[in-house]
Amino acid sequence: MKVLNYMELKIPSKAQNEAFARVAVAAFVAQLDPTLDEVTEIKTAVSEAVTNSIIHAYEDKIGEIIIKGKIYENYVVEIEVIDFGKGIEDVELARQPLFTTKPDQERSGMGFTVMETFMDKLDVTSEVGKGTCVKMLKAIKKRKSEGAEN
């Protein structure tokens, strides 16, 4: 697939940056004229991925989160949320609904489930002590006229 546009955002893992990250990604995706539902789904998935990095990857310290976005020629959006925190010991277990390592903090353990529900594809790679990469893909329904510039 040919990449038509891309972006990269680097933020510290501060809770107040979660909203900024999802709005920035929504603004990037807006060039494809997505539906409100598509934008809401992407923002929610990004919010969950960034929150996971803030809460789980870095716990009580501030680290770096990188968010990469790509738009492919077939109206597919790829979003990567990368951290360099503690990593996930068992990714498959972490992806199970209601699994949480922080039950004392009222965490629902639904982050990966939400991401999988709202995006078309979710890949999670992680290495203990090195960090985690969450890659999400979503196809946007083409709404622009054929002659519209991408």
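This is a predicted model: local features need pLDDT of at least 70, side-chain atom pairs count only at pLDDT 80 or more; totals for chains, interfaces and linings use all residues.
**Exercise 1: Charges.** How many positive and negative side chains does the chain have, and how far apart do the centres of the two sets lie?

*Solution.* Start with the count: there are 20 positive side chains and 25 negative ones.

**Exercise 2: The fold in outline.** Which pattern of helices and strands does the chain follow along the sequence?

*Solution.* First, tally the pieces: four helices and five strands. Then put them in order as you read along, and you get β-α-α-β-β-α-α-β-β.

**Exercise 3: Overall size.** What radius of gyration does the chain have, and what would a compact globule with 150 residues have?

*Solution.* Step one: a compact globule with 150 residues would come out near 15 Å. Step two: the chain has 15 Å, so the two agree. Step three: look at the box that the C-alpha atoms fill along the principal axes, roughly 55 × 25 × 25 Å.

**Exercise 4: A serine in a loop.** Is Ser-13 buried or exposed? Which residues is it in contact with, leaving aside neighbours within four places in sequence?

*Solution.* Find Ser-13 in the loop between strand E1 (3-12) and helix H1 (17-29). Its relative accessible area is 3%. Buried means under 20%, so Ser-13 is buried. Beyond those sequence neighbours, Ser-13 is in contact with Ile-54, Tyr-58, Lys-61, Ile-62, Gly-63 and Ile-65. Zoom in on Gly-63: its backbone nitrogen lies 2.8 Å from a polar atom of the Ser-13 side chain.

**Exercise 5: Two positive phi angles.** Where do Glu-59 and Tyr-75 lie, and what is phi for Glu-59 and for Tyr-75?

*Solution.* Take Glu-59 to begin with. You'll find it in the loop between helix H2 (36-57) and strand E2 (64-72). Glu-59 isn't a glycine, yet its phi is positive, about 45 degrees. With 35% relative accessibility, Glu-59 counts as partly exposed.

Now Tyr-75, in the loop between E2 and strand E3 (76-83). Tyr-75 is also a residue other than glycine with a positive phi, near 65 degrees. At 6% relative accessibility, Tyr-75 counts as buried.

How values were computed: Residues are numbered from 1 along each chain as its sequence is written. Side-chain values use heavy atoms; hydrogens and water are left out. The radius of gyration is taken over C-alpha atoms; the globule rule is 2.2 Å times the number of residues to the power 0.38. Lys and Arg count as positive and Asp and Glu as negative; His and the chain ends are not counted. The place of a charge is taken as NZ of Lys, CZ of Arg, CG of Asp or CD of Glu. Buried means under 20% relative accessible area, exposed over 50%, partly exposed in between (1.4 Å probe, protein chains only). A polar contact is a pair of N or O atoms within 3.5 Å; within protein, one must be able to donate a hydrogen and the other to accept it, and residues adjacent in sequence count only if both atoms are side-chain atoms. Contact means heavy atoms within 4.5 Å.
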